[in-house]
Structure formats: structure tokens, C-alpha cells
Amino acid sequence: MRNVVVLTGGVGGTRLVDGLASSCDDEQLTVIVNTGDDFDHLGLRVCPDLDTVMYTLAGFAPEERGWGIAGDTFVTLGALARLGAPDWFQVGDRDLATHVWRTHRLASGTTLTDATREMTRRLGVTLPILPMSDAPAPTVIETTEGQRIPFQNWLVEQRAVPDVRRVHSERTGPASPLVLDALADADLVVIGPSNPFVSIEPILALPNVRALVAEKPCVAVSPIVAGRAVKGPLVAMMRTLRGVDASAAEVARLYADLVDIWFVHHGDGATLSGSIETDILIERRRERARLAAEVLHTGRRLAAG
Ligand code: FO1
């Protein structure tokens, strides 16, 4: 097996990416990242999932919280708030530099793919971190009350309280050429333990992506453990969007055409035939490499046919 491609959103999936990055031996790992969460904030282009992957692989991310930069300060945020600026989105002082520089590079005509490569290299990360698309494809949450709320406002400002009737992607642009190349060359696709509706589906919904993944050996790690989400608002979304209680088996139905083998937590495999039960709780850094090694071991056998 030469090429491993992982699809991820923010914190949950990135923990697996972190493990894979340290466990891939001879394989080339490529990370494809959801950009549906990206938004313009105070005039700056913010790409939370890309930054979560970048900071984690650079060793900057706080282990438990997962996003932002460990030990960051919030002096600028406080000063902005004094001026009357919104402070619901906690941008740290060092994190701010990323958004300023990215916005500048994009305004100079650089693609998001190239801007991400430039920044990751400067931070010492050599493996390819690919935004799913160079064209903005913002996720909008439609609530059961009929409101349409941009994703970060719904998740962070409104604390994911309004019930979700529909997840909508505005302007689903083409996947980036590097994303399509990576998938075409993949010997194994790994779907990380990210929210299927707002992290993985935006990637799969891009033209040709789902069809390319369907051709490949594919393993996935469940974002649900014992009926609870590893991170974020997935349990409520399973109820309002699918009308079911969250379980690994119900999430697996969403990718029935794609995934060959599921990794689920101990006790979650009974209703999901062919799944592998293991410890999929990988908040701590030392736990990530262990799960990643198990995923790769299974993936190598799958890829070998
Ligand atoms: N998540 C929060 O819950 N509150 C925040 O204030 C917040 C700020 C933030 C700043 C930069 C960044 O890269 C991520 C940030 N996140 C914050 C996380 C992020 O918005 C979400 O976890 C992801 O979009 C979901 O994948």
C-alpha cells in the first residue's frame, strides 16, 4: 500500500490524522479537509478545520480542546470587544496571525490550497493538507423554525441549540485538482471520526468525490461511542435529520456504499456486522498512534485484496 488518503473535519477526525501521521511507515499520507466551516470574520478568512489539522500536526494544538493554539493569549480579542466588535468567536493572538496572513495571501490571488501548503511548510508540517476545494462552499444550517444560520454562528454563537432541519451547502464548487488526484491514486481511504453531516458529507458532495471514494478500499472510525458523540452536536442531528437515536450502526448507514470496515468502540459492534471493536477514544496523544496503527494494519490487508 503506497497512498493513504484521510477525510476529516475538525477536532475528532484530526486526532486520528495525528495518529496516522506518526504511524504511516512507507505510505504517503494525504489529508483532505472540510472547508464548509470556513467563514469571513472581522474581515478575515477563517478556516477552522484546516487550522485544527495544521496546528495539531505542528504540535501547537491544546490536547483536550483540540482547536486553536495551546497557551495562546486573547489580548486582541479583548481590545476588539472594547471597541464593540463581536467576541463570540475566540480568536487568540497567535491564531490571529494565521487568519491575517491567509487573508492577505488569498487577496493576492493565491489559492487556498497553495496558501495552506505555504503555511503548513513554514510550521514544519510536510505532509499534504488539502482543502477540499478552492471555491468557498459554506455550510448553512436550516433550523426547524425555518431560520438559515451560517455554520459557525449556529455552532459557536448559538451553541448548536436551534434544532437542525437541513444542512445545506451553498455553492458546492469543484473539488480541488489535488484532491481528485489524491483520491484517484489512493490505495486506501480512511474516513475519520468526524460529523458525517457537516464535516464528511461536504467533502463527499463535491463533484466526482463520492464516486472516487466508492472505488477504493475504505475504512472508517465511528464518531459515536455508546450513543454519544465523540465531539460536537451529532446526537441531536441524528435525531432531527434521520429520526433515529445515534449509534455507530446508524452512522454506518450513511456511508453504506463506501465503507468496507468500521472501527467502533468496545460494545458498539453488535449491530454492525463486520466491524472491528476496539478503543476509539483518542483524546490523548499517546492513544492516537495505537488506533491509527490498528486502522493501517486492517487497511493494508484490505488494500492487498
Ligand atoms: N469553537 C468554539 O466552540 N468556540 C470558539 O470560540 C472557537 C474559536 C475558534 C477559533 C479558531 C479556530 O480555528 C477554531 C475555533 N473553534 C471554536 C472551533 C471550531 O469553530 C469548530 O470546532 C469547528 O468548526 C468544528 O469542526
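Predicted model: local features only at pLDDT ≥ 70, side-chain atom pairs only at ≥ 80, totals over all residues.
Local features were considered only at pLDDT of at least 70 and side-chain atom pairs at pLDDT 80 or more, whereas totals for chains, interfaces and linings use all residues. Residues are numbered from 1 along each chain as its sequence is written, and side-chain values use heavy atoms, without hydrogens and water.

Two or more lining residues come from each of helices H1 (11-23), H2 (48-58), H4 (93-107), H6 (151-157) and H8 (196-204).

The second largest pocket holds about 260 Å³, where volume is the space filled by probe spheres set on points joined across faces, edges and corners. Of its 18 lining residues, Thr30, Pro128, Ile129, Leu130 and Leu178 lie nearest the centre.

In helix H10 (residues 234-242), Leu234, Met237 and Met238 are buried (under 20% relative accessible area, 1.4 Å probe, protein chains only). Helices are DSSP runs of H or I with at least four residues, numbered from the N terminus. The buried residues of H10 fall within an arc of 105° seen down its axis, so they line one face of the helix; the arc is that of the directions from the helix axis to the C-beta atoms. Gly243, which follows H10, has a positive phi near 70°.

Note on methods. 1 Å grid on protein atoms, 1.4 Å probe; cavity = no way out; pocket = protein on both sides within 12 Å on 5 of 7 lines; lining within 4 Å. Buried < 20%, exposed > 50% of the residue type's maximum accessible area, 1.4 Å probe, protein only.
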